[in-house]
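The exercises below ask you to work through a structure step by step. Try each task before reading its solution.

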Amino acid sequence: MADQLPRLNRIAHVGHCKRCLSGLPAAKTEVDASRLALAFYCIGSLDLLGVLETSVPEGEREEWRAWLWNQQTQGKYGSGFRPSPFITAHRRSPEPDQVEYTDYDTPHIIMTYTALLSLGILRDDFSTLDRPGIVKFLRACQRADGSFSIVPGSNESDLRTLYCAFAISSMLDDWSGINIPSALACIASCRTHEGGYGQEPRCEALGGTTYTALASLALLSAHTGQAEHLTQDEKDATIRWLIQNHNRAGGFCGRTGKDADACYCFWCGAALKILGAEDLVDTNALASFLASCQYRFGGISKAPGETSDPYHTYLSLAALSMYQPSAEFAGAQAESWKFGPLDPLLNAKEDTAAWIRTHAPQKA
Amino acid sequence: MSTETPDDEPLYANRSDWKDVEPLEQYEDINPLAPIFYTEEYKDATNYFRGIVKRGEKSPRVLDLTENIIRQNPAHYSAWQYRYETLLALLPSDNVASSPILEAEVRLMDELAVLFLKTYQVWHHRRLLVALTRKPKRELDFIRKGLEADAKNYHTWSYRQWLLGTFGGRGANVTDAEGGVEDVDEDLWIGELDFVDTMLAQDVRNNSAWHHRFFVVWGCGVREGDEDRERVLKRELTYVKQNISLAPSNPSAWNYLRGVLTHTRTPFSAVADFALPYAYPRGAYHVKDVVDLENPSPSDTAQLPCVQAMEFMADVWEREGGEEKTEQAVKMWTSLANEHDTIRKKYWEHRIREAHLALKGQKRAA
């Protein structure tokens with residue numbers, strides 16, 4: 001490759017995330033039911049870019065923490081975090097602080113995972129975390145087939161939500177909310193002939209859910225000390241399929257034969273790292289691809305020429321935190337491509353992951 | 001059923017038939033993160049939705065209200081959930097499957113599925129409905145049409161696999177909390193292989209269709225007439241070889257081939273004769289003039305060598321082991337790394353290292 005990397009436009013990406021945190025246009029109304037996750041992608045991007053403390057005043061970060069805690073709710077299925085108050089009615093008369101949620105305003109398992117990460121990034125001490133309530137909530141989300149639903153009672157369940165249950169249990173260092181054998185059977189039933197994992201049993205191999213399957217198994221191994229859930233042949237087949245998704249564009253696609261997409265640079269890249277195969281990625285090609293996904297008004301988009309969003313921005317930066325272009329290739333722009341190390345299992349900066357593991361578990 | 005956009009309708013706040021409901025504003029007590037600047041229409045509808053939820057009302061007008069919200073925000077899972085519960089409350093206690101309310105709901109979902117193809121909730125709601133109608137056959141036809149709009153849509157394919165797995169008998173031993181597995185219908189599978197053929201005829205690189213074929217043939221029980229597995233294996237090998245001969249550089253087809261061999265514990269070397277001519281440049285490998293139906297040759301226009309065939313042959317040789325075969329494999333990987341598949345250079349070099357290590361191990365053991 002003769003031409004070198006352009007600059008990673010960090011300042012513009014910071015601007016994109018801050019703009020989204022301050023407000024979204026009506027065209028983004030679909031985010032209503034997952035606002036906390038969007039907030040995580042923004043706060044997480046600022047963390048990866050290393051500007052959280054320098055560019056966001058402490059007072060503002062305190063407000064962010066307060067809003068996040070405001071989403072923790074209690075009720076008959078236990079405790080957790082909701083996406084936003086989008087179903088919660090304004091209270092006309094002063095009522096006690098802790099009003100129990102209704103059946104339509106329960107915590108959400110993906111939001112609970114992203115809330116814990118966001119609070120860790122903001123270095124919260126987790127003193128108001130309802131740990132037993134969260135364990136109870138996980139129990140309420142697990143279904144007969146071992147998978148987890150997004151909210152208790154819903155039929156929307158897949159490997160994404162199963163990963164959230166595993167990550168939350170790992171962060172709390174309390175696995176009593178999960179029926180582990182049944183969850184492991186669910187993961188195994190999602191494995192496909194290609195070596196990846198589908199979103200639910202019987203489905204096509206997909207980069208994102210392959211990450212969630214492998215990260216779940218690795219989180220569990222770290223907890224039990226039992227090393228292997230996969231045979232060497234199975235691992236080899238998965239590595240082969242993941243690396244096959246590393247395509248000529250330099251990025252990764254999420255399914256065989258599809259176009260490269262910035263988010264799969266993380267999902268497939270992190271999956272490879274979990275399997276100990278991080279040396280197999282062409283980091284310079286990856287950086288070139290992500291450079292071409294930069295949107296001119298800030299943020300990173302799924303592919304060149306598309307508009308950016310916090311999801312693709314965060315996952316691209318997380319991918320770069322694992323896969324750094326060589327100093328020679330980055331040339332004069334090398335400084336703009338530098339990131340601190342990432343914990344691929346929790347999907348957070350290593351120091352953030354360490355903070356969560358220290359502060360989120362119940363103190364003895 | 002309304003086909004107007006919400007903009008054309010009066011706000012619920014101005015409708016006399018909603019006067020009895022107290023609208024409830026969204027709770028917002030604290031400086032919010034990433035607030036959405038809602039439209040008046042969305043605010044209005046969700047205010048009334050909160051009011052309805054508080055009353056616990058489950059009446060026909062709730063169907064109107066939740067449809068309105070869903071059209072503005074199809075990811076509003078609470079509106080979907082409440083809508084489903086309202087439907088259940090409105091359905092008669094017997095003959096549920098032929099209720100006009102349910103039929104109207106299915107028709108509405110036919111429309112919304114196309115509008116919001118990529119929204120999870122549309123598809124999950126549909127699963128709940130078909131568990132009530134118990135008419136999976138009609139759904140297969142609906143999916144076929146849906147794939148005309150987007151032939152690789154993940155949700156659409158997942159839904160088809162769920163339908164077959166849940167209602168299709170035999171292989172339908174996957175327990176489903178809401179699906180139930182009574183009323184199994186073996187006939188459901190009858191058209192599946194033809195369906196895959198049609199999809200692959202449109203695009204032989206459609207990996208979703210290849211995956212579906214694997215699911216139908218190998219992944220979910222044994223179909224009637226397919227009990228002779230040797231014959232099925234032969235049929236599938238012929239099928240995939242023919243497709244490869246038409247378009248050799250198709251990773252989906254090669255992955256299918258590898259999947260079938262691994263699943264049936266057939267050694268890769270069993271198809272080495274077929275793969276070999278695809279692994280070399282045109283003219284470098286002598287192709288027999290006789291037409292061999294078992295091993296169709298690359299077409300005259302095929303781009304050779306084919307990366308996937310090179311990889312496959314290297315695997316065959318590596319598995320055979322020994323110094324000579326390993327060196328043959330290493331030669332192939334070297335050519336992939338340096339010339340034919342440079343993006344994966346590091347992977348091919350890794351394979352070379354691993355093979356050399358294994359060879360040392362073999363020598364030591366010998």
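A residue is buried if 20 or more other C-beta atoms lie within 10 Å of its own, exposed if 12 or fewer, and partly exposed in between, with C-beta atoms placed from the backbone. This is a predicted model, in which local features need pLDDT of at least 70 and side-chain atom pairs count only at pLDDT 80 or more, while totals for chains, interfaces and linings use all residues. Residues are numbered from 1 along each chain as its sequence is written, and chains are lettered from A and ligands numbered from 1 in the order in which they are written.

**Exercise 1. Compare the overall form of chain A with the globule rule.**

Step one is to count the elements, where helices (H or I, at least four residues) and strands (E, at least two) are DSSP runs numbered from the N terminus; chain A has 15 helices and 6 strands. Step two uses the radius of gyration, taken over C-alpha atoms, and the globule rule, 2.2 Å times the number of residues to the power 0.38. For the 364 residues of chain A a compact globule would have a radius near 21 Å, and the 20 Å of chain A agrees with this. Along the principal axes, its C-alpha atoms fill a box of roughly 65 × 50 × 40 Å, and 60% of the residues in chain A are buried.

**Exercise 2. Check the length of helix α9 of chain A and describe its surroundings.**

The expected span of a helix is 1.5 Å times one less than its number of residues. Helix α9 (residues 207–224) of chain A has 18 residues and should therefore span 26 Å, which agrees with the 26 Å between its end C-alpha atoms. Its buried residues include Gly207(A), Tyr211(A), Leu214(A) and Leu220(A), and the buried residues of α9(A) pack against β4 (157–158), α7 (159–172), α8 (180–189), α10 (232–244) and α11 of chain A. After the helix comes Gly225(A), with a positive phi near 80 degrees.

**Exercise 3. Describe where the two chains meet.**

Two residues are in contact if their C-beta atoms, placed from the backbone, lie within 7 Å. In these terms, 60 residues of chain B are in contact with 60 residues of chain A. On the side of chain B that touches chain A, α9(B) gives the largest share, 6 residues.

**Exercise 4. Follow the largest nonpolar core.**

A nonpolar core is a set of buried Ala, Val, Leu, Ile, Met, Phe, Trp, Tyr and Cys residues joined through C-beta atoms within 7 Å. The largest has 195 residues, and among those touching the most other members are Ala165(A) and Met313(B). Helix α11 (residues 262–274) of chain A gives the most to this core, 11 residues. Leaving aside residues up to four places away in sequence, Ala165(A) touches Ile109(A), Leu138(A), Cys141(A), Phe148(A) and Ile178(A).
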